[in-house]
Amino acid sequence: NAYWYDGSGYVIENNLMRGKGYWLKFNQSQNITIPVVTSNSISINVNQGWNLIGSLHNEVAVSNVVSNPPNIIVTPFYGYDKRYYQASSLKVGKGYWVKTNQAGTLILSLLIKSNFSNQFEISTKELPYIIFIAEDGFEQKLYFTSAPLNYDFELPPIPPQGSFDVRFANNSFVTDLNDQAKEVLIQSNTRNVKVFANGLDFKISSLSGNYENDVIVESGNEKVLNINLSHKLIVQPILNKLEFKLMQNFPNPFNSQTRINFSLPKDEFVQLKLFNILGEEVKILLNDKKTKGYHSVDLNISDLPSGTYIYQLKAGNFIENKKLIFIK
């Protein structure tokens, strides 16, 4: 099947049109022949948002792409080869994604030069990252930075089902570096995915299905996760040595279930309680001895009314409170 992106989702196409890009799906590896029209240039109509386009009969440098109106291109060009990558040229027979801030025309030419290639220089060389690798070798890195995010690191739309893709829930591949939990979306055609950390330690927990324990991936090491083919994870950078700490629940606000994380620098008896806004105890969430490390408690309070609640962690002499918002 051939799939074209119509601005809101993928639709099956029976005829391939010049200038458009497509996802092609085959049952097995094979060579195909696609007729090519010889031309030194082509004008491609684009809509506001993401567009999947084709190329010419010869390789075209992105510096040979101009737009009308000018300056409507707001991302690099992205190709796909086991993952999305930033393309420096548009190769024959390949499709590429590009995002524009309004409708217009892109002109691909073997003759025209522009300064487009210098508009989107993104350096991730020194950034800490976590990489997800499927059994068939497909992989994607997600980066963390403490620098201001002056650039939109949005990835193109998720590929059709069966293709590998990993991204933060906001569709980017770079996010702020802090100790807050980050939701990660994974689409894979294999159940086992290897995770490798570089520059930081990470705690990983599952939003789709349950891990027996949260997984800690230390920098320079790897772990293997068993996931669903479409899966949601929570990835949390570990910025400090283990300490008594109660984290903000995630998601928050929530309307069904949320997760509360906390850390212990030593084995300790732990109480985790929930109070209403008047300070009245409404639930005991945990009352048990826990080992040194990171822990999670899933909270479902569908039997309680909507509102703001306080959750409190007591571990030895340590006490910390945080607010959560429940919306039915």
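**Reading the model**

Analyst: T258 lies in strand β24, residues 257-264. Strands (E, at least two residues) and helices (H or I, at least four) are DSSP runs, numbered from the N terminus. This is a predicted model: local features need pLDDT of at least 70, side-chain atom pairs count only at pLDDT 80 or more, and totals for chains, interfaces and linings use all residues. Residues are numbered from 1 along each chain as its sequence is written, and side-chain values use heavy atoms, with hydrogens and water left out.

User: Is T258 buried or exposed?

Analyst: Buried means under 20% relative accessible area, exposed over 50%, and partly exposed in between (1.4 Å probe, protein chains only). T258 has a relative accessible area of 1%, so T258 is buried.

User: Which side chain does the side chain of T258 meet in a polar contact?

Analyst: A polar contact is a pair of N or O atoms within 3.5 Å; within protein, one must be able to donate a hydrogen and the other to accept it, and residues adjacent in sequence count only if both atoms are side-chain atoms. Here the partner is the side chain of N249, at 3.1 Å. The T258 side chain also reaches the backbone oxygen of F250 at 3.2 Å.

User: Which residues does T258 touch, not counting residues up to four places away in sequence?

Analyst: Contact means heavy atoms within 4.5 Å. On that basis T258 touches N249, F250, P251, V297, D298 and L299.

User: Where is N221 found?

Analyst: N221 sits in the loop between β20 (215-217) and β21 (222-226). Its relative accessibility is 39%, so N221 counts as partly exposed. N221 and N249 are 28 residues apart in sequence and 27 Å apart in space, C-alpha to C-alpha.

User: What about T175: buried or exposed?

Analyst: T175, in strand β16 (residues 174-176), counts as buried because its relative accessibility is 11%. Beyond neighbours within four places in sequence, its contacts include Y143, F144 and K182.

User: Where in the chain is confidence lowest, and where highest?

Analyst: pLDDT is the predictor's confidence in each residue, from 0 to 100. Where pLDDT is low, the predicted coordinates should not be read in detail. The mean for this chain is 86, and 93% of its residues reach 70 or more. Confidence is lowest in strand β27 (residues 293-300), at a mean of 83, and highest in strand β28 (residues 307-315), at 97.

User: Where does L16 lie?

Analyst: L16 is in the loop between β2 (10-13) and β3 (23-24). With a relative accessible area of 44%, L16 is partly exposed.
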